[in-house]
Amino acid sequence: MKRYKDLISGVIVVVFSIAIYISSNGIQRMVSTSIGPDFMPKLAAVLMGILGVILTIQGALSAVKAPAEITAADAAAAKRHISFIELFKNNLDIATLVLLTLYSLVIGWLGFLISTSVYIFLQIMLMSINKKKKYIVFIAISVIFTCVIYFLFTKVLYVMLPVGILG
Amino acid sequence: MEIAISGLLAVLNIETLLLLFGGTVIGIIFGSMPGLSATMAVTLFLPVTFGMEPVNAISLLLGLYVGGISGGLITAILINIPGTPSSIATTFDGYPMAQRGEAGKALGAGIVFSFLGGMFSFMALLLIAPQIAQLALKFSAVEYFAVTAFSLTLVASLAGDSPVKGLISACIGLMLAMIGAAPIDGTRRFTFGIYDFDAGLDLVAVMIGFFAIPEILKAAKGSIADENIEKIKVDKIKGFGISLKEFVGQLPNALRSALIGLGIGILPGIGGGTSNVLAYLAAKNTSKEPEKFGTGILDGVVAPETANNASIGGALIPLLTLGIPGDPVTAMLLGGLMVHGITPGPMLIRSNGALLYSVFFALIIANVFMLFSEFFGIKGFVKILDIKKAYLFPPIIVLCAVGAFGSTNRVFNIFAMVLCGILGYLMDRFEFPLTPIILSFILGSLVEGNLRRGLMFTDGSFWGFFKSPIAAVFLVVAIFFLFHSAYKEIKKTKTKLS
């Protein structure tokens, strides 16, 4: 995987810049000036496309040149059966992202208090997956922190937070 | 003089001083915790400042900035992990010194020279900023375009190891900035028919997404191996930790490092994270005994710690005079100022000259607070390192979400923050630098607006931009940087192949 990093990202960048260029054609020009609102997107897309091609070439060259010795270790690792739990533990970053995305989607509906306390609890669980789980401490931290933040922001600092179904 | 006094008076009240003190102490905590940085400190406390008076808001953020850059030396010296990127080079000699039982000396020297580096750069800020602002007042759209384009190319080619990747990052930032209404005519672009995109992406949400979320995800991934860290014990530092003779002997080194730090700070896109390493290398290369570097030599602690604090004043110069942030922290500061309706730039110093002095005095006071709290509170700061990451990071994520939401009171901002976080994390995994994205996101509409306005001045001719001497110089240097990066890339590819 590591040796193909630049090659993969280079190709993605090229494809992305072509897509941007094509969709820039759909931008309407309202006033006639020498360059319209479609100029910068196109310029950025062309620049990025060129850079992407350079990155792809570099990536391809170094992928060809890179020693193949890593692949043996990779193959061994791939053969070993990985349990679901292990896979989960190795990808705590992705699990956090999923949790965070869900949080951002429900906070408007459930409100800050409910969604935040649940989120913090789950996130602490996730990050102490290998350790003893002190559920009472986890719940206490999530609820107390959420309430402190809520009152600090809404009552002291006058920053509104989503109330959701509680409001 | 009158302006200076009113600037000072704005800072000299109990509330502001308390905020400065609190900011500095919290900043030091953030700086000393591996995984948390000055940028993160400013990011998290941004929503706290939304409801404050502008001067108080700036004071809190500046305190966090000064503390955050200075706190890194504690962990760098005591556990060999730089608390922030600004103290990477401090580990090279600071940790060996601590292992030898000279932790107090290393810490003392680090703290004293952090303080001096900071003072040096704040004086420079006060001297240089008004001059640049005076010059920048004469700028038309043509010159503005040239300066912003210059900063963008500089950031892109300096931020990471690979200029190509840096430039791609900058392009992505430009594209993110294009979502929503176009400058000048307000045409809607790249909204994909989604109503929430019409107003564009919120600056604070984007910055938190790119700066904080990837760091948090890395911490989550690393939490599986989160073990207790070995710390070298330190008691109270005796005196300043170093003798007067040692202090005087370090002054030439400190001056050189401070100049490096200041210069690197002024350059857009790079700050303390780069300057500390460069200052260390410079100290090593000019030393009579370079072989002693890495074994625990005082010069090796003084150089990076002077330079990283000297970058603070440097980074604030382009921010306050041109509205161009010099590093990630000043990018966040810019976001904080804009929430309060303050747009940094040459007009700011002319119309609100007292603010520059408030910033100056706030920095100096924060620096003094830093000096004392690090000297007397070192044991406490070390103790805080024991807090478990699992308890620390989830609340931090929530504060990020609050910050993103609070800047314009829209739930959509939280979602935008997560999206930027995903993109940022992916790019980080593929080794793209993230600073250029933020900078070009901030500067994107400035570049485009000034280009289009400038073309109206020059009747649509691109060559007209080169008729202004200032613009011509900046554009030529920008083009030179582009070619230089291309050359560097070709050379790198060649050596890879041979």
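How many helices and strands are there in chain B?

## Chain B: overall build

In this predicted model, chain B holds 19 helices and 2 strands. Its radius of gyration is 22 Å, close to the 23 Å that the globule rule gives for 498 residues, so chain B is as compact as a globular protein of that length.

## A helix pair in chain B

Helix α4 of chain B, which covers residues 54-78, packs with helix α12 of chain B, residues 299-322, at an angle of about 170 degrees and with the axes 10 Å apart. Because an angle over 145 degrees counts as roughly antiparallel, α4(B) and α12(B) are roughly antiparallel to each other.

From α4(B), the residues Tyr65(B), Val66(B), Ile69(B), Ser70(B) and Leu73(B) meet Glu305(B), Asn308(B), Asn309(B) and Ile312(B) of α12(B). The residues of this contact between α4(B) and α12(B) comprise 5 nonpolar, 3 polar and 1 charged.

## Chain A

Chain A has 7 helices and 0 strands, and its pattern along the sequence reads α-α-α-α-α-α-α.

Buried residues account for 25% of the 167 residues in chain A, while 67% of the contacts in chain A between residues at least 6 apart in sequence join residues at least 24 apart.

How values were computed
Residues numbered from 1 in each chain as written. Chains lettered and ligands numbered in written order. Predicted model: local features only at pLDDT ≥ 70, side-chain atom pairs only at ≥ 80, totals over all residues. Helix = DSSP H or I, 4+ residues; strand = E, 2+ residues; numbered from the N terminus. Rg over C-alpha atoms; globule rule 2.2 N^0.38 Å. Axes fitted to C-alpha atoms, helices over the stretch in contact; angles between N-to-C directions. Parallel < 35°, antiparallel > 145°, perpendicular 65-115°, else oblique. Contact = placed C-beta atoms within 7 Å. Nonpolar A, V, L, I, M, F, W, Y, C, P; charged D, E, K, R; others polar. Buried ≥ 20, exposed ≤ 12 C-beta atoms within 10 Å, placed from the backbone.
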